[in-house]
Amino acid sequence: MIKNKVVVITGASSGIGEATAKLLASKGAKVVLGARRADQLKQIVDEIEKDGGNAVYHELDVTTPSDSDDIVKLAKEAFGGVDVILLNAGIMPNSPLSALKTDDWHRMVDVNIKGVLNGVAAVLPTFIEQKSGHVIAVSSVAGLKAYPGGAVYGGTKWFVRDFMEVLRMESATEGTNIRTATIYPAAISTELLGAISHKGTAEGMARVYERFGISPDRIANVVAFAIDQPEDTTINEFTVGPANQPW
C-alpha cells in the first residue's frame with residue numbers, strides 16, 4: 001500500500017524523480033525530495049501541496065554522505081519515519097574511452113556509485129532497527145548490456161545491479177525484511193543527455209532518444225507498482241522501455 005508511506009527520493013528536481021514524487025503524493029504517500037537544485041524542489045513541493053499532497057525537500061548532493069544523513073533525518077522529523085528510499089540520482093556524460101574524459105569518469109563514479117552507497121548507508125540503520133523498509137534503485141539497460149561510448153556509465157550501473165542483489169540476499173539471510181527493487185530504464189526523456197560533451201556521442205544519443213524515448217511517467221508507474229506490493233513480497237528487477245526498442 002502506498003498511502004501514508006514515507007518515501008525519500010534522490011534526484012527529485014526533474015525527470016524520473018519529479019514524476020515519481022508527484023505520482024506517489026497523489027496516491028497518499030508522504031514524499032521527501034532531495035537534489036542539488038533547491039529552487040526546483042521548492043516548486044515541485046508547492047505543486048504537490050497545492051494538489052493536497054504531503055511533501056518536503058532538502059538540498060542534497062548525493063556525493064556528500066552527511067547530505068544523505070540529513071534527508072533521512074528530515075523524513076523522520078517531518079513525517080515520523082521512513083519506509084522507502086528511491087535512489088534515482090545519476091549522470092550520463094558518455095564518450096568513447098579514447099576521448100579520455102577522465103573528469104566525467106570520476107563524476108559518474110561519484111554520483112552513480114557513491115551516491116547509492118551514501119543513500120543506503122544513511123537509511124540502512126533505520127531499516128534494520130525497524131525490520132522493514134524498501135530500497136529502490138534506478139540502474140539502466142546499460143547495467144544489463146554493454147554499449148560503445150558507455151563503458152564507465154554502464155560500469156556504474158552494473159555496480160548498482162550487483163549491489164542491490166547482494167543487499168536483497170543479505171537482508172533475507174539476516175532477517176531484516178528489507179525489500180529491494182532495481183529498475184533498468186532504456187531511453188527515458190530526461191535531462192541526462194545534457195551532460196554529454198562529446199559531440200559525436202551526443203548526436204548519436206540524441207537520435208536514439210528522439211526515436212525511442214519515453215516519458216519519465218512510465219518509470220514512476222513502475223516505482224508505484226513496486227511499493228504497492230504486499231510487505232512480504234519483493235519484485236527484484238524491472239526493465240522498462242518502448243515496445244519497439246532495439247536493445
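**Putting the terms to the test**

Tutor: Gladly, and let us start with a loop: Leu 100 is found between S4 and helix H4 (102-130). Keep in mind that this is a predicted model.

Student: What makes Leu 100 exposed rather than buried?

Tutor: The relative accessible area of Leu 100 is 56%. Exposed means over 50%, so Leu 100 is exposed. Leu 100 also has a positive phi of about 50 degrees although it is not a glycine. Most residues other than glycine have a negative phi.

Student: Why is Lys 131 called partly exposed?

Tutor: Lys 131 has a relative accessible area of 46%. Buried is under 20% and exposed over 50%, so a value in between counts as partly exposed. Lys 131 sits in the loop between H4 and S5, and its phi, near 55 degrees, is positive in a residue other than glycine.

Student: How do you know that Thr 156 is buried?

Tutor: Thr 156 has 2% relative accessibility, and the limit for buried is under 20%, so Thr 156 counts as buried. Thr 156 lies in helix H5. Leaving aside neighbours within four places in sequence, Thr 156 is in contact with Met 108, Val 109, Asn 112 and Ile 113.

Student: What makes the link between the side chains of Thr 156 and Asn 112 a polar contact?

Tutor: The distance is 3.2 Å. The cut-off for a pair of N or O atoms is within 3.5 Å, with one able to donate a hydrogen and the other to accept it. The pair is therefore a polar contact.

Student: Why is the aromatic pair of Phe 159 and Phe 163 called stacked?

Tutor: Take the two values in turn. The rings are 5.6 Å apart centre to centre, and a pair needs centres within 6.5 Å. The angle between the planes is 25 degrees, and under 30 degrees counts as stacked. So Phe 159 and Phe 163 form a stacked pair. The structure holds one aromatic pair.

Student: How far apart along helix H5 are Phe 159 and Phe 163?

Tutor: They are four residues apart in H5 (residues 151-174), which means a separation of about one helical turn. Phe 159 is partly exposed, with a relative accessible area of 25%.

Student: What makes S5 mostly covered?

Tutor: Six of its six residues are buried. Gly 133, Val 135 and Ala 137 point one way from S5, while His 134, Ile 136 and Val 138 point the other way. In a regular strand the side chains alternate between the two faces of the sheet.

Student: How do you know that S5 pairs with S4 and with S6?

Tutor: Two strands pair if there are at least two bridges between them. S4 and S5 have four bridges, in the parallel sense, and S5 and S6 have six, also parallel. Both sets therefore pass the cut-off. Ile 85 stands opposite Val 135 in S5, and the bridge partner of Ile 136 in S6 is Ala 181.

Student: Which residues have the most contacts inside the largest nonpolar core?

Tutor: They are Leu 24, Val 31, Leu 33 and Ile 136, in a core of 34 residues. Helix H7 (216-227) is one of the elements supplying at least two residues, and H7 gives the most, with seven.

Note on methods: Residues numbered from 1 in each chain as written. Predicted model: local features only at pLDDT ≥ 70, side-chain atom pairs only at ≥ 80, totals over all residues. Heavy atoms only, no water. Core = buried A, V, L, I, M, F, W, Y, C linked by side-chain atoms within 4.5 Å. Buried < 20%, exposed > 50% of the residue type's maximum accessible area, 1.4 Å probe, protein only. Phe/Tyr/Trp six-rings, centres within 6.5 Å; stacked < 30°, edge-to-face > 60°. Contact = heavy atoms within 4.5 Å.
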